[in-house]
Amino acid sequence: SDNSNTRKEQVKLNAITLPTLHKLNPILHLPMESPPSSFSTFRSYLRALAQTPSRFAHRAPSVSSSYEELSWVKSRSGSTMHKSLRWYDLIGLGIGGMVGAGVFVTTGRASRLYAGPAILISYAIAGLCALLSAFCYTEFAVHMPVAGGAFSYLRITFGEFAAFLTGANLIMEYVMSNAAVARGFTSYLSAAIGIPTAKWRFTAAALPKGFNEIDLLAVAVVLTVTLIICYSTRESSILNMILTTLHVLFIIFVVLMGFWKGDWNNFTRPMNPNSPSGFFPYGPSGVFNGAAMVYFSYIGYDAVSTMAEEVKYPIKDIPIGVTGSVVIVTILYCLMAASMSMLLPYDMIDVEAPFAAAFSGRWEWVSKVIGVGASFGISTSLLVAMLGQARYMCVIGRSSVVPAWFARVHSKTSTPLNASAFLGIFTAAIALFTDLNILLNLISIGTLFVYYMVANAVIYRRYVVIGTTKPWPILSFLCLLTLTSLLFTLSWHFAPSGSSKSFLLGLCIGLATAITLIFRQTVPQVRKPEFWGVPFMPWLPSISIFMNIFLLGSLDGLSYVRFGFFSGLAVLVYVLYSVHATFDAEAEGFLGVKNGEMIRESTESEEDPNHKV
């Protein structure tokens, strides 16, 4: 009996994590000496590097729990972010974040080079894909309303390394998109006031082509927005609401002018008789290539999900705000794309500032009005995206994969001041010299990769409880679905036209449908969302996975080279710094262990109803 009681006490003691001991230390006066840091001396760092394989194997698959993310992980920021946002703020932030970046920067290029008048269909496809991804984001955000977005969702699902790789791509995506938007601001302001864009930029002969046009106005815009978001989130939301309202009025004006002054024949007839004609001048592949490029337009809803920590009523407000903003923006995009296609034949569309250039010459005053409205829209999209990128970096700092300095929330402004300032300066440096075309290709692939990962995560989390269910059936399903989607994509792009290609494409769709149906019938869900969940599980996330892979296949090879380079750089940072920093943080009690002995505690913590909202 004594031995049995002793074993029970040992089990209870083993369930006490290091963070718990640290909290009890002032009461129990336990000797809690922290081990030496991996970065304390150069010799310590060399010893840490020698242990990289074992540390990587230990930390890379380690997962957090939603309970931890909502409690002591969040407390690493010091001060808290004020809960001051409602659903209408989120819709305003979503519209402001998406519309300016999409229509006013990418529409002209995607229509002229890829889709032609069918850019309308490209926007609808991209919008559907974004809506399915938005459902996945919403389920996570309602369950765990923190500022980390996809990084936090993957950290509690697939572990630290997958979350870090995704987080690194997210930060890259936001910095590049914001730099692209800032340079687009210069183009539209030039059209509004009648000064050529070249007058705002000067060429540095010593720099390579694509990086040699210096844009000081873009830098000034980025730094101004940085100051605003550092001051207050609530005031930033109010400013965004005002500018977004003005912007929507400009959009309505553009749509009405396009349908009034435009020509329906422009949907099928190019200006140059040698150019491909018809509504689909470049065929279905051109439509999907255009969809992959304009998918950049929907980055804004992801920024809305990062505001979850500052929402008053997450259960109600987040689903309305995230999905509602995607639906409204998709409708606006399609209307504006149709309006632009009516105004000019697709082979006459300006790739830099399509709407302003469409009215120039015939209705010069309209061109200037559009330039002013586009400048408002680009300003709001920049404001929202920079709010989002700072919150991503803040939560990544809480996890110790980057220095904890980024996690600090200022006590007076209740904003992640350090992360906002650092990323603002970094974005300004990129906007200073990088060409828009280089930025757009890199952004699209990063966005699609992140959305693909989140769709996988929402399925995995519904069907797996760590320590209770076996993950292999779910992982096998996700791998088979991904391989089938890849086969469809490769067949679409490389198989010769004809009946054999149609048969192969149909076979891939049939296989994907059968795999999903068998999975649904044979593998039970073990976790049902208490407040809001993706409907028709696992069909909608599976379609999102399929579409994201297909859109990834529509991008050019150079985009993959850049993406591979940046991902390799992120892995290098993780191996040389992050894995050792998180290993030290775990030893000091700032990170829990989820690879064995603490796994049951993690599962029980997530079922605690007190942490939900």
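Reader: How are α3 and α4 oriented to each other?
Author: In this predicted model, α3 and α4 are roughly perpendicular to each other. The axis of helix α3, residues 42-50, and that of helix α4, residues 52-59, cross at roughly 65° and come within 5 Å.

Reader: Which residues meet there, on the α3 side and on the α4 side?
Author: From α3 there are A48, L49 and A50, and these meet T52, P53 and R55 in α4. By residue class, this contact of α3 with α4 divides into four nonpolar residues, one polar and one charged.

Reader: OK, and which residues of α3 are buried?
Author: The buried residues of α3 are S44, Y45 and A48.

Reader: What is T166 in contact with, leaving aside its neighbours within four places in sequence?
Author: With those neighbours set aside, T166 is in contact with A150 and L154, and also with F449, V450 and M453.

Reader: Now the backbone: where is there a cis peptide bond?
Author: A cis peptide bond joins M537 and P538, with omega at about 5°. P538 belongs to the loop between α21 (499-522) and α22 (539-552).

Reader: What about phi of F536?
Author: Phi of F536 is near 55°, which is a positive value in a residue other than glycine. F536 lies in the loop between α21 and α22, and with a relative accessibility of 64% F536 counts as exposed.

Reader: And S414, what is its phi, and is it buried or exposed?
Author: S414 is not a glycine either, yet has a positive phi of about 55°. S414 is found in the loop between α17 (364-398) and α18 (417-433), and is buried, with a relative accessible area of 4%.

Reader: Last one, how many helices and strands are in the protein chain?
Author: The protein chain has 24 helices and two strands, and buried residues make up 57% of its 613 residues.

Conventions
Residues are numbered from 1 along each chain as its sequence is written. This is a predicted model: local features need pLDDT of at least 70, side-chain atom pairs count only at pLDDT 80 or more; totals for chains, interfaces and linings use all residues. Side-chain values use heavy atoms; hydrogens and water are left out. Axes are lines fitted to C-alpha atoms, for helices over the stretch in contact, and angles run from 0 to 180 degrees between N-to-C directions. Helices (H or I, at least four residues) and strands (E, at least two) are DSSP runs, numbered from the N terminus. Angles under 35 degrees count as roughly parallel, over 145 as roughly antiparallel, 65 to 115 as roughly perpendicular and the rest as oblique. Contact means heavy atoms within 4.5 Å. Ala, Val, Leu, Ile, Met, Phe, Trp, Tyr, Cys and Pro count as nonpolar, Asp, Glu, Lys and Arg as charged, and the others, Gly among them, as polar. Buried means under 20% relative accessible area, exposed over 50%, partly exposed in between (1.4 Å probe, protein chains only).
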